[in-house]
Every structure is written in structure tokens, then in C-alpha cells.
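Please keep the structure in view while reading.

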Amino acid sequence: MNSQTRIYIAGHRGMVGSAIWRALESKGYLQLIGRTSVELDLRNQEAVKNFFETEKPEVVIDAAARVGGILANNEYPYQFLMENMQIQNNLIDASLKADVKKFIFLGSSCIYPKLAPQPLKEEYLLTSSLEPTNEWYAIAKITGVKACEAIRKQFGKDYISLMPTNLYGPYDNFDLKTSHVLPAMIRKFHEASQSTVHGPKSTVTLWGSGTPMREFLYVEDLADAVVFAMENKFSDNLYNVGTGEDLTIRELAEMIQKIVGHTGEIIWDSTKPDGTPRKLMDVSKMTSAGWKAKTNLEDGIRKTYQWFLEHQDSFKEVKI
């Protein structure tokens with residue numbers, strides 16, 4: 001890799017893709033390529049093929065996906081399965097045919113079985129059934145992992161898959177219907193604290209029991225991991241990316257509540273689903289490769305809330 005290496009970041013406007021773009025820019029890479037979904041529909045195989053023939057990227061980072069929380073996955077199973085497969089299959093196949101030297105596929109910890117032993121090791125993939133509330137997205141991502149593994153095996157190309165844990169940070173999705181748990185909590189606590197009736201003492205209702213355990217990774221740490229993976233040759237095809245530490249959803253809520261300055265009661269709606277009981281990543285393979293997360297959760301949430309405050313009039317809301 002050098003400053004003139006042509007690097008295409010699919011999904012460069014999203015939370016993950018934009019963080020990767022900033023990380024690459026800060027390291028002096030000058031030939032970064034990005035297209036909005038209006039400029040290039042990644043679901044269109046012919047359009048993707050033509051783009052690769054014209055732009056000739058040497059490295060491809062796939063940060064493009066149809067994403068959302070439990071609610072969105074449950075209500076739009078077909079879109080989460082089909083659109084994610086179309087996006088990644090077109091990118092992977094076009095990269096192979098265009099002789100792209102390095103491909104980094106970004107997935108999610110939801111690819112692992114619902115009741116897999118904790119922490120989640122890479123070898124637990126496909127050993128048992130998935131969490132039903134997001135299996136559509138998970139199945140799509142598993143096919144992407146396997147496609148990259150097949151190319152590595154059959155063609156000897158440096159195609160690898162990074163599986164990040166739950167991500168958060170600047171440019172996250174704060175739409176209450178389609179967002180993940182952490183940004184949804186930031187918005188809920190913030191809006192409750194701004195209530196004209198009860199102010200910071202307003203009650204906030206959250207989904208589930210609060211007992212599931214989750215791990216969270218600041219998106220700029222993931223971007224750092226992607227750059228590290230791009231600049232180094234890894235011996236295997238699949239690597240978990242996370243902090244290796246988790247906490248309960250209840251503890252997360254209390255941390256966000258404190259940062260936002262909300263002092264009202266939290267009501268847990270146990271009629272709503274909890275999702276997987278626990279999702280902690282075993283990150284020992286990535287640590288052995290020489291990479292480790294730097295941002296602790298409280299600092300990351302403070303930075304994210306500050307970003308939210310500065311972009312209240314324009315933050316992202318993902319509609320389906």
C-alpha cells in the first residue's frame with residue numbers, strides 16, 4: 001500500500017464508511033473512491049461491473065449494507081436478506097473479476113448462533129441456529145463471509161472478513177423505529193430531558209428486561225482496525241473486532257442517562273423482545289494479529305452525544 005493506492009469504500013457516507021474514509025485520509029491515502037447510492041446502486045449488478053471497469057480500484061472495503069435494529073429486522077425480513085446479498089455479492093464478484101488485490105468484508109456479530117458459548121469465537125460460525133429476530137441479516141452476512149473464504153481458498157486472494165461487535169458513534173442512525181439500542185437510548189433520554197412538562201424527570205420506557213449483555217465498539221476504533229487489516233497480511237479469513245468487554249442493557253441505559261443528564265424513572269417493557277441473551281466477542285485473534293481497541297465506552301458515548309447535540313437538525317434517520 002502507498003498514498004496512491006486506489007481504495008474504494010462502498011458505503012462511504014454511512015457511519016462506518018465515513019469513519020474509514022476519515023481514518024484513511026488521516027494516514028495520507030490520496031486515491032479514495034466513493035459513490036452515493038444515487039450515483040451507484042450496489043444492488044444493480046451491471047452498474048457495479050461498469051463502475052469497476054471504469055475506476056479500477058486496487059482495494060475494496062465493503063461497508064455498505066441495509067442495517068437496523070430488532071424492530072426493522074422483524075418487520076422487513078425480505079429487504080434485510082435480499083438487499084444485503086445483492087450488495088455484497090455484486091461487490092465481491094466484481095472485485096474477483098477485476099482482479100482486486102485486497103477485499104475487506106465487514107459483517108456483524110449476529111452471524112454467530114444465538115446460544116453459542118461466550119465469548120464468541122470465530123470457529124462457532126454455523127454450529128447452531130441463529131437469533132430469530134435478525135436471522136435474515138445474519139444469513140446474508142454469512143454468505144458474504146463464505147464467499148470471501150471461497151475466493152481465498154480457490155484463487156489465493158487476500159480477501160478477509162472482519163466481524164465487528166455492536167457499533168456506535170458519529171453519523172449513527174437515530175431513528176427510533178430502525179436504530180440500534182445505543183443511539184435509540186441517546187435520543188430517548190435526550191428528548192425526555194427536554195420535555196416541557198416534567199423536564200429531566202420525565203419517565204423513559206425501554207424495550208425488554210434490561211438483562212441481556214452487550215459489547216459496544218466506537219466506530220472510529222473499527223475504522224482503525226480496517227486500516228490495520230488493509231496494511232497487513234492476515235493468516236486467516238475471519239476476525240472478530242471488539243473490545244472484549246460487555247455490560248447489561250440496564251447498565252448501558254444508566255450510563256447514557258447519566259451522560260445526558262436525565263433523572264427520571266426508567267420503565268422496562270418486558271412484553272418486548274430482548275434478543276440474544278449475551279453477545280461478547282472473543283477478540284484474541286485480532287489481538288494476536290497486533291490490533292486492540294482504544295476508546296472506553298463512557299468516553300465514546302460522551303463523544304457520540306456531543307456529536308448528536310451538534311447535529312440535532314440534520315442527524316440521520318433511516319426509513320424503510
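The model is a predicted one. By that method the protein chain exposes about 14,400 Å², and carbon and sulfur atoms supply 50% of this area. Of the 320 residues in the chain, 54% are buried, where buried means under 20% relative accessible area.

The overall dimensions come next. Along the principal axes, the C-alpha atoms of the chain fill a box of roughly 60 × 40 × 40 Å. The radius of gyration is 19 Å, which agrees with a compact globule, because a globule of 320 residues would have a value near 20 Å. Among contacts between residues at least 6 apart in sequence, 80% join residues at least 24 apart.

The protein chain has 10 helices and 13 strands. Six of the strands form an open sheet with parallel pairing, in the order E2-E1-E3-E4-E5-E10. Strands E2 and E10 are the edges of this sheet, each pairing on one side only.

Some elements of this region are listed with their residues.

| Element | Residues |
|---|---|
| Strand E2 | 32-33 |
| Strand E3 | 59-62 |
| Strand E4 | 102-106 |
| Helix H5 | 135-155 |
| Strand E5 | 158-164 |
| Strand E10 | 238-241 |

Strands E3 and E4 pair in the parallel sense over four bridges. Within this pairing, Val60 has Phe103 of E4 as its bridge partner. Helix H5 lies across E4, E5 and E10, and runs at about 155° to E5.

Notes:
Residues numbered from 1 in each chain as written. Predicted model: local features only at pLDDT ≥ 70, side-chain atom pairs only at ≥ 80, totals over all residues. Heavy atoms only, no water. Pairing = 2+ DSSP bridges. Helix = DSSP H or I, 4+ residues; strand = E, 2+ residues; numbered from the N terminus. Contact = heavy atoms within 4.5 Å. Axes fitted to C-alpha atoms, helices over the stretch in contact; angles between N-to-C directions. Rg over C-alpha atoms; globule rule 2.2 N^0.38 Å. Buried < 20%, exposed > 50% of the residue type's maximum accessible area, 1.4 Å probe, protein only. Areas by Shrake-Rupley, 256 points an atom, 1.4 Å probe, with all protein chains shown as cover.
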